[in-house]
Amino acid sequence: MVAGCFITDECALAVSTERMWKAVFSGEDTAVLPKACAGFIDAVDVEGDGGPGSVSTMTLSPAAAELAGSGVMRSRLVARDNAARVIKTELLEGSKVSAQLKSQVAEVKLEAAGEGACVAKLRVEYERLDGGGALSAEDQATLAAGYLDLLKMVEAYLVAHPAEYA
């Protein structure tokens with residue numbers, strides 16, 4: 001990838017690191033995204049054993065597909081560190097912004113932030129198809145929001161359902 005083409009962002013979540021990790025990133029269950037993101041994600045299918053190399057396909061609702069410019073988001077798991085609460089994925093197929101990219105690798109790290117809270121730290125490294133430099137500030141914000149907004153939807157679901165993924 002081209003050096004320097006990356007985005008970093010973070011968001012605070014009112015859910016413990018352990019609950020968020022178990023619900024979204026542990027690989028144990030793919031049911032939370034369609035439940036937590038109802039009206040946005042219709043289904044999640046995983047090809048493989050759920051470990052590195054496995055490919056996840058998120059099928060978006062028609063309304064979400066119109067916004068994203070694609071009805072499907074596909075990604076490959078590069079690495080998962082359950083102890084450090086870090087996951088790294090490579091986007092294979094995605095949104096209008098992602099269509100400008102030759103490669104896109106995202107890393108999300110969850111860090112504890114007090115009792116019942118955590119911070120999701122995002123880093124997206126990318127290379128443009130045209131070999132150009134950084135994406136526009138607007139496209140960078142859109143790309144980061146795509147990851148963090150999903151986490152905020154899961155956060156809202158977990159807060160509303162305190163017994164799930166406890």
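A salt bridge is a side-chain nitrogen of Lys or Arg within 4 Å of a carboxyl oxygen of Asp or Glu. The model discussed here is predicted. By that rule the count comes to seven salt bridges.

**Salt bridges**

Start with Glu164 and Lys35. They form a salt bridge, and their closest N and O atoms are 3.0 Å apart. Glu164 sits in the segment after helix 4, while Lys35 belongs to helix 2 (residues 32-36), so the pair ties together parts 129 residues apart in sequence. Glu164 is partly exposed, at 23% relative accessibility. Lys35 is partly exposed too, at 38%.

Another pair is Asp130 with Arg128. Asp130 is exposed, with a relative accessible area of 55%. Arg128 is buried, at 16%.

Glu155 and Lys152 also meet in a salt bridge. Both lie in helix 4, three residues apart, which is about one turn of the helix. Glu155 counts as buried, at 10% relative accessibility, whereas Lys152 is partly exposed, at 35%. Elsewhere, salt bridges with shared partners join Lys109, Glu111 and Lys121 into one network.

| Salt bridge | N to O distance |
|---|---|
| Glu164 and Lys35 | 3.0 Å |
| Asp130 and Arg128 | 3.0 Å |
| Glu155 and Lys152 | 3.1 Å |

Seven strands form an open sheet, in the order 1-7-6-5-4-3-2, with antiparallel pairing. Strand 1 (6-13) and strand 2 are at the edges; each has a single partner strand, so one side of each has no neighbour in the sheet. From one strand to the next, the twist averages 25°.

Strand 3 and strand 4 (residues 72-81) show the antiparallel pairing over five bridges. Thr59 stands opposite Val72 in strand 4.

**Helices on the sheet**

Helix 4 (residues 137-160) packs on the sheet. It touches strand 1, strand 2, strand 3, strand 6 and strand 7. Its direction makes about 25° with that of strand 1.

**A loop residue**

Asp49 lies in the loop between strand 2 (41-47) and strand 3 (55-60). Asp49 is exposed, with a relative accessible area of 72%. Its side chain reaches the backbone nitrogen of Gly51 at 2.8 Å. Asp49 and Gly27 are 22 residues apart in sequence, and their C-alpha atoms are 9.1 Å apart in space.

Notes. Residues numbered from 1 in each chain as written. Predicted model: local features only at pLDDT ≥ 70, side-chain atom pairs only at ≥ 80, totals over all residues. Heavy atoms only, no water. Helix = DSSP H or I, 4+ residues; strand = E, 2+ residues; numbered from the N terminus. Buried < 20%, exposed > 50% of the residue type's maximum accessible area, 1.4 Å probe, protein only. Polar contact = N/O pair within 3.5 Å; in protein donor to acceptor, adjacent residues only side chain to side chain. Pairing = 2+ DSSP bridges. Axes fitted to C-alpha atoms, helices over the stretch in contact; angles between N-to-C directions. Contact = heavy atoms within 4.5 Å.
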